[in-house]
Amino acid sequence: MCNDSESEAADLAGKPQLCLPPGLLDPPGLSAPSPRTPNGQAEDNASHFCSSSNGGDETSRIPCTAGGRIPIPSDFTHCPHLQSFVRCGPHHRAELCMLNKDDIRKLHDIWSRYRDDLCSPQHSEKPTFSPEDFDTFYRIAQKVVDAMVEEYRVPMVLDQATISNTNHKGHPPHADNVRFDSVWWHGKRITGEDELPAARKGAYILWRAEKTSYRSYSCSVSLTDPNGYEGGEIQFFDRWGSSPVASYKCAEDVELPFADATKIFMQSQVSDGVFGWFSLCGQDRLALEFQMRKELFAIFDLAQGAAVGCTRRKFSADWREELEGTELGFLEMLTTRRANVKTALAERTKVSWKDCLRDTCMPSKSTPSTSAGNSPRSPSTPDSLEDGSAPPKPVGGPHGQPKTWCGPHERQELPNILCDDDVRTLHAIWQRHHDDLTHPWYKNKPRFSGKEFSEFRGIAQKVVDAMALQFHMPLVLDQAAVNSTNQHGHPPHADNVQFDSVWWDGRQIKQRDEVEAARGGAEVLWRPSKTNYRNYSASIALTDPDEYGGGELQFFSTWGAKTPAATMRLPCGSGIAFCGCQRNMHAVTGVKWGFRLVMCVWTRHPDAPVPLEQLRVCYFRPGSGLSIWLTSDDLHKYPKRRRKNEMLHDSEEEDADMHEASD
C-alpha cells in the first residue's frame, strides 16, 4: 500500500514506481508499533491509533505512520537507485494561529535570558532552564504540536523547539529531512555543472536520507511584527532548482507548519532598508521552530543568530530500547547547515585572550608596539612588573612543534638563474600542455614528449643545483610546476606545515581570539602537512614585473601579522629560495591586470621518503591558474619509458641489420 497523496500519485501516473509497506526497510529495532486495543491497554508511545477530539464527545481514531517509513516514489527508467524514505504525509502547508500575546511575551523573555550564538559561544555550556521556564517553553511548544496533529491528522511527538533571530545570512533552499544527491536522465547521471539546468528541464532528481530523516514535520512561528524588519521571508519551492512557488512573511503569532521531507524551502536574509541587503536589521526577527523527535542535538544554522533551544530527552522506555540499536550518526561531522554541539562545547573549554591578560599581572606602563606583525608582545603585555621583576613567560601548549627537514631557514636569492632560452622553453611547454584543475580540460594529465620532459626537468634541476649550493646540503627535485597566477592569488601559508591552534600558559586560545593572541606573543602550534617530507621551495619569475599588476610575493615573520616583512616583484629569470616551515610564511597577491607566469620548484632531502599518495599529486590552488606539472611520478616513469623506447628502437635496428645480412 502506498501512503503518498492522491495529487502526487496523479502527477507520477505512468511512471514505474516502487511503493513499499511502511516499516519494511526500517533499521533493526525500529519496527512499526502494535495497534492499540479497544480497551486502551497498550502503551501510548507504541499505539497504532491516536485519539483526537472532534467536537463534543465524539472521538476519531487517527492511523499512525511514524512507526514506519514511507518511500518517495522512484522512477527506475531514469535512475537505478531507490529514493530516500520519509515519515511525513500528508504534505500540504497550513497556516495556524495558536499563540496569544502572553505566550509570545513569555517566549521573548526566555530568549532574552538564555540566548546564545554557537559561532561565538557566550556560555561555557548550554544554559539550564529554571523549572518554571522549562514548563512554559514546553507548554507553548506542545500547544503548537497539538495544533499540527489536528491539522495533519497524524500523531506527533515533540522532538525539539528553538527560538532564534534570523540574521543577515538567511538560509539557502533545502529540505529538512532529505538531502539532494544527484540528477539523472534515462539511466545516466548528469554532470555537476549541468545539474541545475537539467533539473529545470524536468530531469529526475535523486534524494538521500538526512541525519534527521527520522522526523516528520516542522513548524515556523513568527514572534515579531513583519513591519519591524526587512527580508526574512520563508520561500517554498516545488522542486529542486526551481523558482519559489510561495513566499510567506507571517504576521505575529501565525504558525506555518509543513512536511519536512518533501517541501524545499529557504529563508531570505534579514536586512535594513538603509544599510542594504547584507546588513543587520535594526530589530530582531524571532522565529520559533519546532522539529519532531530528536534527543541529543541542538539545531543551529549559521543564519539563526542568537538562539535558545529545548531538546527532548524524556523518551518512554520502549522508544529508548528501539533507538539503542540504530546508528543515527548525529555527532559525526560539522556540516554547513548544522553546527556540531560537541565542537561548540570543545570551543567553550578554551580560554579567551582577555582572560590570559587578566591572569597576567597588569603593567605599570605599557610599551607601544612598532608593528603588530613584528612585535613579540601585545601592547598590554609589560616589560616588567611594578616590583621590577620580569613578567611570567608564556608556556606553550602540551604538544610539540612538528619536525621538519629544513635548516638553515634564511631566504636565498637566485639572481638570473634562468637564461632567456630557458624562459622561452618553459613558455612553449606551458602553452602546449597547460590545464586548469578547477575546470579540467583533460581526462588525464597531459603527457610530455621525451624532448619536453628532458627540457623541463633540466631547467628545474638547474634551479635545484643552485639551491643546494646556497643551503649547503644535498637536495633532490620532488616536483616542479609552471603557474599563471590569477586574480585570487595565494593567502599566507607555509608549504610543509599547517596552522593548528594558539596557546598561552598551557591553555588553548578561543578561535575568535587566535589572531589577536598570536600578535600579542602567544605560541602558535603547527602540525605537519601532507608535504612535510619536503624541505625547500623556490619561486622563479618567467615574466617581467611590468607585464602585470599585483602578483607580489610576500613573506611574513609571524602567523597573523598584519603587514609582510618583505615584498618582492622578481625580474624575469630570477628567483627566491626559502624553507617550507613556519619560519617562511608567504603569500601571493592576486594579479589585477596582465600576465604573470612563475615556475615553482620543491625539493626534499635524499633520505626523505615520499608517501605513495603524494607521487602523482599536482600542486594546485585556486590562485594557481593555468598550469603544467612535473610530479615525482613523472620523474621516475619518464626515464623508464625513454629507456624502454630506446631498447625497442635498438631491437628494431638489430632485426633490420639481420634481415639485410640474410638478404
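**Before starting**

The model is predicted, so local features are described only at pLDDT of at least 70 and side-chain atom pairs only at pLDDT 80 or more, whereas totals for chains, interfaces and linings use all residues. Residues are numbered from 1 along each chain as its sequence is written, and side-chain values use heavy atoms, with hydrogens and water left out.

**The whole chain**

Display the protein chain as a cartoon. Of the 663 residues, 48% count as buried, where buried means under 20% relative accessible area, exposed over 50% and partly exposed in between, with a 1.4 Å probe and protein chains only. Contact means heavy atoms within 4.5 Å. Among contacts between residues at least 6 apart in sequence, 79% join residues at least 24 apart.

**Helix α3**

Select residues 131–152, which form helix α3. Its 22 residues reach 31 Å from the first C-alpha to the last, close to the expected 32 Å; the expected span is 1.5 Å times one less than the number of residues. Buried residues of α3 include Asp133, Phe137, Ile140, Val144 and Tyr152. Arg153 follows the helix and has a positive phi, near 60 degrees.

Next, select residues 450–471, helix α9. The end C-alpha atoms of α9 are 31 Å apart, in agreement with the 32 Å that its 22 residues should span. Among its buried residues are Glu452, Phe456, Val463, Met467 and Phe471. Just after α9, His472 takes a positive phi of about 60 degrees.

Now extend the selection to the largest nonpolar core, which has 38 residues. A nonpolar core is a set of buried Ala, Val, Leu, Ile, Met, Phe, Trp, Tyr and Cys residues joined through side-chain atoms within 4.5 Å. The residues with the most contacts inside this core are Leu418, Phe456, Val463, Met467, Val482, Met599 and Val601. Elements that each supply at least two residues to it include α8 (420–433), β21 (476–484), β33 (597–604) and α11 (632–662). Helix α9 gives the most, with ten residues.

Centre the view on Met599. Leaving aside neighbours within four places in sequence, its contacts include Leu418, Phe456, Val463, Val482 and Ile540. A second, separate core of 37 residues includes Trp111, Met148, Ala203 and Tyr217.

**Arg215**

Select Arg215, in the loop between β10 (204–209) and β11 (217–222). Arg215 is buried, with a relative accessible area of 0%. Its side chain makes a polar contact with the side chain of Asp159 at 2.8 Å; a polar contact is a pair of N or O atoms within 3.5 Å, where within protein one must be able to donate a hydrogen and the other to accept it, and residues adjacent in sequence count only if both atoms are side-chain atoms.

**Cysteines**

Show Cys406 and Cys581. The sulfur of Cys406 is 3.7 Å from that of Cys581, its closest cysteine sulfur, which is too far for a bond. Cys406 counts as buried, at 12% relative accessibility. A search of the whole structure finds zero disulfides, a disulfide being a pair of cysteine sulfur atoms within 2.5 Å.

**Pro491**

Finish at Pro491 in strand β22 (residues 490–493). Pro491 counts as exposed, at 58% relative accessibility. Leaving aside neighbours within four places in sequence, Pro491 is in contact with His586 and Ala587. The C-alpha atoms of Pro491 and Thr589 are separated by 7.6 Å, although these residues are 98 apart along the chain.

Methods
Helix = DSSP H or I, 4+ residues; strand = E, 2+ residues; numbered from the N terminus.
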